[in-house]
Amino acid sequence: MTDCVINGVSIDESFAEAFPMRGTRIIVTAHNITWARHAGQTATGFATSVIACGAEAGIERELSPDETPDGRPGVALLLFAMSSKELAKQLERRVGQCVLTCPTTAVYAGLEAPETLPLGKNLRFFGDGWQISKVIDGVRYWRVPVMDGEFVAQETTGMVKAVGGGNLLLLARDTDSALAGAEAAVAAMKAIPGVVMPFPGGVVRSGSKVGSKYKALSASTNDAYCPTLVGLTPKSDLDERTACVMEIVIDGLTFDAVADAMRAGIAVLCERGGAAGVHRIAAGNYGGKLGPFHFHLRQLLPKDHA
Amino acid sequence: MSKHWTLRLKTAPALRLDLRALQPSALAALSHDEAARLPVLHGNERTSAGDWFDLSFTDAETPALTLQGDLSRGDRIGWCLAGGTVHVEGDAGDYLGAGLQQGAVHTSGHAGVLAGCEMRGGRLEVAGNVGDFAGAPLPGSMEGMRGGVFIVRGHAGERLADRMRRGSLIVCGDAGDFAASRLVAGTVAIGGRPGAHLAHGMRRGSVVCFGTPALAPTFNPMQGDHRVIWQLLSRDLARLAGPHSPFAGLPARQPRRWAGDLGAGGQGELWCLA
């Protein structure tokens, strides 16, 4: 294995292994950005991992009034699940409980695709017969009377085959530098359209491996990257310089979007340099057995080093 | 490669002409002689297109037909059009764009009665006025306009959009009595003054008008916040009607809203801009 060190940051000759998901984008608008954020944060809450959440989701970005169908500020949300059926279920529950309920909101499709998911199509029945539909420019909207006026929801949104589980492992000398590096990388990744980092703040500290010594568990701690297990677990992949590891997980609507996000994260970490504390970038994979999408770190290096 | 046909009227007909056979997509496959033999009814008399028009064509990307001359007695232009464009330079007769499915029909002049009746798609635009029953059902039928966009730059006659079910019908000028009567659904927008009995018996759908029309007591003034759907609707109308229409700037205005006709279910809505 040849070394690849950029500005003091070592890049593993490894790859992130991602798997196919189903994804959608919805647009949530509200009277002001505060309420749009409330709706977006709630609807994408408890959506870090499909292991137990049913969906992985996040706020892709905030939208200015001139970017939304109704001229109000809004947020674009991305939601991912392992099947179209599960995604439909999660979408309906989350929009029904977190967007419909949030004052002044409306919800629209954020994707056009041949395959669609119900958006307002089923939620309209909350109107108890008072709901009315309106077709505007070939798009059907449902208007459900609610206590602050009217909840407007587009009938369906598009669904695409997506990519989940792109990742970067940031190996750092201490917690402060790991967090600072992770925050900078996530900020750079958020500028890439079509991706979300679904974990809290975009970062997960409890990276997992497939399986467990306990039969009831499908995933367990990634002991190879736990600093407290150096010298204890035979699988440890850490050396004495690493006291903290953070992982950034990326879900995207396309392979290229995930790759671009990983590239942006690597670039900012290399720019900060090893002296900032993150001295090595690795990636989580399962030997190529889990997912068909492989993101090789060294193919995602900054342009000057590619 | 297709054809753009130009048919120039040679002489004014004494009776009405039935021009339903003049379809751009059909003409695209015909030679000059074949096109000249297309049937045209003159009253009950069987005549040919060549008897009435000078025909010529040029190559074009898509099928197109231009009709020139005073065709105020030329009925059923663009009848059930399924593609291509028809442009009338001058007035058109009755049933202009009736049953239109796809493509576009445009006239630079006026159109007669039953323009756009039972159209299902595409775009119909009349630069002048239209007669009665525009966007309405054909006589004896149950549903009027069922889709597409119909824009009248001038005024409309009575019974505009009677029993209309879907699509957008925009009149920039005035409308006659009983506009949007028995409206089933869809959008009707009137930029000028509506006549009496506006939206009489409407079941669903949206009517947008200016001023303060005299409404039946079966229309209920609504309170509450409807700004979201108004933005969606008004932006669409402003886009369809264009920047020089009464509907330009519509999204910035705040309308009053009535629900009705309560005598027919009350799921329709009437938006009035002062």
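## Exercises on burial, contacts, pocket and interface

Leu269(A) is buried, with a relative accessibility of 1%. Buried stands for under 20% relative accessible area, exposed for over 50% and partly exposed for what lies in between (1.4 Å probe, protein chains only).

The model is predicted, so local features need pLDDT of at least 70 and side-chain atom pairs count only at pLDDT 80 or more, while totals for chains, interfaces and linings use all residues. Residues are numbered from 1 along each chain as its sequence is written, chains are lettered from A and ligands numbered from 1 in the order in which they are written, and side-chain values use heavy atoms, with hydrogens and water left out.

**Leu269(A)**

Solution. Helices (H or I, at least four residues) and strands (E, at least two) are DSSP runs, numbered from the N terminus. Next come the contacts, meaning heavy atoms within 4.5 Å.

**Loop residues**

Solution. Residues up to four places away in sequence aside, Leu290(A) touches Glu17(A) and Phe19(A); C-alpha to C-alpha, Leu290(A) and Phe19(A) are 6.9 Å apart in space, and in sequence 271 residues apart.

Neighbours within four places in sequence aside, the contacts of Leu71(B) include Leu19(B), Phe53(B) and Ile77(B).

**Backbone geometry**

Task: Describe the backbone at Phe46(A), Arg76(B) and Asp261(B).

Solution. Begin with phi. Phe46(A) is not a glycine, yet has a positive phi of about 45°; Phe46(A) is exposed, at 61% relative accessibility. Arg76(B), also not a glycine, has a positive phi of about 60°, and Arg76(B) is buried, at 17% relative accessible area. Then take omega: the peptide bond joining Gly260(B) and Asp261(B) is cis, with omega about -10°. Asp261(B) is in the loop between strand S16 (256–260) and strand S17 (268–273) of chain B.

**The largest pocket**

Task: Give the volume of the largest pocket, then describe its lining.

Solution. A pocket is found on a 1 Å grid over the protein atoms alone, as an open set of points where a 1.4 Å probe fits, with protein on both sides within 12 Å along at least five of seven lines; lining residues have an atom within 4 Å of a point. Its volume, the space filled by probe spheres set on points joined across faces, edges and corners, is about 610 Å³. The lining holds 26 residues, of which Ser49(A), Ile51(A), Ser208(A), Ala219(A) and Tyr286(A) are the closest to the pocket's centre. Elements giving two or more lining residues include strand S3 (15–29) and strand S11 (156–172) of chain A. By class, 11 are nonpolar, 11 polar and four charged; Ala, Val, Leu, Ile, Met, Phe, Trp, Tyr, Cys and Pro count as nonpolar, Asp, Glu, Lys and Arg as charged, and the others, Gly among them, as polar.

**Nonpolar cores**

Task: Name the members of the largest nonpolar core that touch the most other members.

Solution. A nonpolar core is a set of buried Ala, Val, Leu, Ile, Met, Phe, Trp, Tyr and Cys residues joined through side-chain atoms within 4.5 Å. Among the 58 residues of the largest one, Phe53(B), Leu67(B), Phe150(B) and Leu160(B) touch the most other members. Strand S1 (residues 2–9) of chain B gives the most to this core, three residues. Another core, of 41 residues, lies apart from it, with Ala182(A) and Val258(A) among its members.

**The interface**

Task: Describe the contact between chain A and chain B.

Solution. Count residues: chain A gives 20 and chain B gives 19. Then take the buried area, the accessible area (1.4 Å probe) that two parts lose on being put together, summed over both. Between chain A and chain B this is about 1,500 Å², with 55% from carbon and sulfur atoms. Lys134(A), Ile136(A) and Arg143(A) supply 33% of the area that chain A buries against chain B, more than any other three residues.
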